[in-house]
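The sequence and the structure come first, followed by notes grouped by topic.

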Amino acid sequence: MKKSFLLLLFLLLVILFSACTPKIAFDEMIEEELDINNSNDQVIVESDEGTVTISDDGDTTTIESDDATIVSGDNLLWPKENMGDIPELKGKITFVAASKDGATILFEDIKKDQAQAYFEQIKALGYEGIDFTDEESINFSGTNNQGIAISFTYTYGSGEAMIIYGNNQ
């Protein structure tokens, strides 16, 4: 499923970067350059808008552009340089999309008490906004007095969490 998601994301990026002036036919690129079933693949797509590099080492898939990096895999690293004053949520990171303006991070295997404590940490940093917590999830979306936004979502049943952090201006 991760490979399908990444292929779909890849397709969207290619369409975005090459809508006006494609250098190669998309079908040819898929058939000739990217074999998503083999490890250590790399594809570079260039257009007038910039360059996108997609690589897969078998465990981690990375999509890099001039402005952002998307990484999918198991036990990825916390993107500290993209997270400002937000403390690290310790857990199994499976997806990171990061740019100079912030990041989106997906987690697995987060415990309920860990998520609740993290939620309290965010609020203690001065982030104010909408808090919707019920018997199934914790949801918070807010900003601080500098216009920096954060969204934190945790689902009790699955143990999955998501943090979206960035400049809201």
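Predicted model: local features only at pLDDT ≥ 70, side-chain atom pairs only at ≥ 80, totals over all residues.

Residues are numbered from 1 along each chain as its sequence is written, and side-chain values use heavy atoms, with hydrogens and water left out. The chain contains three helices and 10 strands; helices (H or I, at least four residues) and strands (E, at least two) are DSSP runs numbered from the N terminus.

**Overall fold**

- Read from the N terminus, the order of elements is α-α-β-β-β-β-β-β-α-β-β-β-β.
- The chain has 169 residues, of which 39% count as buried; buried means under 20% relative accessible area, exposed means over 50%, and partly exposed lies in between (1.4 Å probe, protein chains only).
- Among contacts in the chain with a separation of 6 or more, 35% involve residues 24 or more positions apart; a contact means heavy atoms within 4.5 Å.

**Nonpolar cores**

- The largest nonpolar core has 28 residues, and those with the most contacts inside it are Trp78, Leu89, Phe107, Phe152 and Ile163.
- At least two residues of this core come from each of S5, S6, helix H3 (112-124), S8, strand S9 (148-155) and strand S10 (160-167).
- A second, separate core has seven residues, including Val45, Val52, Ile63 and Phe95.
- A nonpolar core is here a set of buried Ala, Val, Leu, Ile, Met, Phe, Trp, Tyr and Cys residues joined through side-chain atoms within 4.5 Å.
- Apart from its neighbours within four places in sequence, isoleucine 163 is in contact with residues including Trp78, Leu89, Phe107, Tyr118 and Phe152.

**Aromatic pairs**

- The whole structure holds four aromatic pairs; rings of Phe, Tyr and Trp (its six-membered ring) pair if their centres lie within 6.5 Å, with planes under 30 degrees apart counted as stacked, over 60 as edge-to-face and the rest as tilted.
- One of these is the tilted pair of tryptophan 78 and phenylalanine 107, at 6.4 Å centre to centre and 35° between the planes.
- Tryptophan 78 lies in the loop between strand S4 (68-72) and S5, and phenylalanine 107 lies in strand S6, so that the pair links distant parts of the chain, 29 residues apart.
- Tryptophan 78 and phenylalanine 107 are both buried.
- The ring centres of tyrosine 118 and phenylalanine 152 are 5.3 Å apart with planes at 55°, so this pair is tilted.
- Because tyrosine 118 is in helix H3 and phenylalanine 152 is in strand S9, the pair ties together parts 34 residues apart in sequence.
- Both tyrosine 118 and phenylalanine 152 are buried.

**Salt bridges**

- The structure has four salt bridges, each defined as a side-chain nitrogen of Lys or Arg within 4 Å of a carboxyl oxygen of Asp or Glu.
- Glutamate 108 and lysine 92 form a salt bridge through their side chains (3.5 Å, N to O).
- Glutamate 108 belongs to strand S6 (residues 102-108) and lysine 92 to strand S5 (residues 92-99), so the pair ties together parts that are 16 residues apart in sequence.
- Both ends are partly exposed, glutamate 108 at 24% relative accessibility and lysine 92 at 22%.
- A network of salt bridges links Asp74, Lys92 and Glu108.
- Glutamate 88 and lysine 90 also form a salt bridge (3.4 Å, N to O); glutamate 88 is partly exposed at 36%, whereas lysine 90 is exposed at 55%.
- Lysine 100 and aspartate 101 form another (3.6 Å, N to O), with lysine 100 exposed at 74% and aspartate 101 partly exposed at 44%.

- Strand S7 (residues 128-133) has six residues and zero of them are buried, so the strand lies largely in the open.
- S7 runs antiparallel to strand S8 (residues 137-143), and six bridges join them; two strands pair if DSSP finds at least two bridges between them.
- The hairpin between S7 and S8 passes through three residues.
- Glutamate 128 has threonine 143 in S8 as its bridge partner.
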